[in-house]
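Subject: Handing over the model

Hi there,

Here is the structure I promised to pass on. Please have it open while you read the notes under it.

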Amino acid sequence: MAAQAADELLNIAGITASFVMYPDGEQVVISARSLGTVNVQVILEPLGGGGNPATAGAQMQNIDVKDALDRLVESIDKFYEQ
């Protein structure tokens with residue numbers, strides 16, 4: 001479901017990448033999609049994720065959604081600093 005939501009978000013005008021997060025027990029799952037201008041694989045790798053430049057995912061263990069979001073935003077910021 002998260003992957004489908006991430007795909008659908010790319011249909012919004014002006015959106016070039018999407019990240020969908022959800023808690024699953026003691027982990028937070030992230031599904032990311034890109035139209036190609038944002039390398040979501042590079043963004044999710046520091047969070048333990050992987051994939052390819054257009055489609056990536058991560059499962060962050062023993063973390064709540066707020067902390068996972070903070071780490072995701074930090075990784076996105078680092079991507080744009082490069």
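First, the ground rules. This is a predicted model, in which local features need pLDDT of at least 70 and side-chain atom pairs count only at pLDDT 80 or more, while totals for chains, interfaces and linings use all residues. Residues are numbered from 1 along each chain as its sequence is written, and side-chain values use heavy atoms, leaving out hydrogens and water.

Let me begin with helix α3. Helices here are DSSP runs of H or I with at least four residues, strands are runs of E with at least two, and both are numbered from the N terminus. Helix α3 covers residues 65-81, 17 residues in total, and its first and last C-alpha are 24 Å apart, close to the expected 24 Å (1.5 Å times one less than the number of residues). Its buried residues (under 20% relative accessible area with a 1.4 Å probe, protein chains only; exposed is over 50%, partly exposed in between) are Ala-68, Leu-72, Ser-75 and Phe-79. Viewed down the axis of α3, they fall within an arc of 65°, so they line one face of the helix; the arc is taken from the directions from the helix axis to the C-beta atoms. Lys-66, Tyr-80 and Glu-81 are exposed on the face turned away from that buried side. The cover over the buried residues of α3 includes β1 (17-24), β2 (27-34), α2 (40-44) and β4 (55-61).

Phe-79 is buried at 16% relative accessibility, whereas Tyr-80 is exposed at 54%.

Beyond its neighbours within four places in sequence, Met-60 has contacts (heavy atoms within 4.5 Å) with Glu-26, Gln-27, Val-28, Ile-30, Leu-47, Ala-68 and Arg-71.

Most residues other than glycine have a negative phi. Asn-62 sits in the loop between β4 and α3 and is exposed, at 65% relative accessibility.

Best wishes
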